[in-house]
Amino acid sequence: MAKKKEIVITWKVGDVWSSADKTRWRKTKDWKDHRNNLIKEKKVCELCGYEKRLTVHHKVQSNLAEDYVNLKNSRFKVLCSGCHRYLHRVWASYVRKKDPIKPDKRLEKILNDFFEEC
């Protein structure tokens, strides 16, 4: 069986990445190794404690290449896919500034604590 060619992405400081650029980055060995190591280290969703379907979330939302490829552990949170999806929905609703999603009080405290760490 032929070995897959490793994806290599070059960038320079100040490059602004599109969604497609970020998707390509998430296919690199560097990203996959980093993501897998974080998930192995944390083992549970940092919002709800669920142990399955874990993903990694960039705490700093940026389109700059140098921000996106910075693999410092403190820049990430391990989340289950449900919390990750919810977090992006809440964030997107505030970016739109139209009908922002207001989480219930219990979840609001968890989210506030989560973002204070960011």
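The following legends describe close-up views of a predicted model.

Residues are numbered from 1 along each chain as its sequence is written, and side-chain values use heavy atoms, with hydrogens and water left out. As the model is predicted, local features need pLDDT of at least 70 and side-chain atom pairs count only at pLDDT 80 or more, whereas totals for chains, interfaces and linings use all residues.

**Figure 1. Overall arrangement of the chain.** The secondary structure comes to 5 helices and 2 strands; helices (H or I, at least four residues) and strands (E, at least two) are DSSP runs numbered from the N terminus. From the N terminus on, the order of elements is α-α-β-α-β-α-α. Of the 118 residues, 31% count as buried (buried, under 20% relative accessible area; exposed, over 50%; partly exposed in between; 1.4 Å probe, protein chains only). Among contacts (heavy atoms within 4.5 Å) between residues at least 6 apart in sequence, 59% join residues at least 24 apart.

**Figure 2. The antiparallel pair of strands S1 and S2.** Strand S1 (residues 54-58) runs antiparallel to S2, with 5 bridges joining them; two strands pair if DSSP finds at least two bridges between them. Thr-55 has Leu-79 in S2 as its bridge partner, and His-58 stands opposite Phe-76. Because 4 of its 5 residues are buried, S1 is largely enclosed by the rest of the structure. In S2, 5 of 5 residues are buried. Both faces of S2 are covered, with Phe-76, Val-78 and Cys-80 on one side and Lys-77 and Leu-79 on the other.

Figure 3. Lys-77 is found in S2 (residues 76-80). This residue counts as buried because its relative accessible area is 7%. The side chains of Lys-77 and Glu-46 are joined by a polar contact of 3.5 Å. A polar contact is a pair of N or O atoms within 3.5 Å; within protein, one must be able to donate a hydrogen and the other to accept it, and residues adjacent in sequence count only if both atoms are side-chain atoms.

Figure 4. Lys-43 is found in the loop between H2 and S1, and Arg-53 lies in the loop between helix H2 (29-42) and S1. Neither is a glycine, yet Lys-43 has a positive phi of about 70° and Arg-53 one of about 50°. Lys-43 counts as exposed because its relative accessibility is 57%; Arg-53 counts as exposed at 52%. Leaving aside neighbours within four places in sequence, Arg-53 is in contact with Leu-79, Cys-80, Ser-81 and Gly-82. Arg-53 and Gly-82 are 29 residues apart in sequence, and their C-alpha atoms are 8.4 Å apart in space.

**Figure 5. The second largest pocket and its lining.** This pocket has a volume of about 150 Å³. On a 1 Å grid over the protein atoms alone, a pocket is an open set of points where a 1.4 Å probe fits, with protein on both sides within 12 Å along at least five of seven lines; lining residues have an atom within 4 Å of a point. Grid points are joined across faces, edges and corners, and the volume is the space filled by probe spheres set on the points. The lining includes Lys-22, Arg-26, Trp-31, Tyr-68, His-84 and His-88. The elements that give two or more residues to this lining are S1 and helix H4 (81-96), and the largest share, 3 residues, comes from S1. The lining residues divide into 4 nonpolar, 6 polar and 2 charged (Ala, Val, Leu, Ile, Met, Phe, Trp, Tyr, Cys and Pro count as nonpolar, Asp, Glu, Lys and Arg as charged, and the others, Gly among them, as polar).
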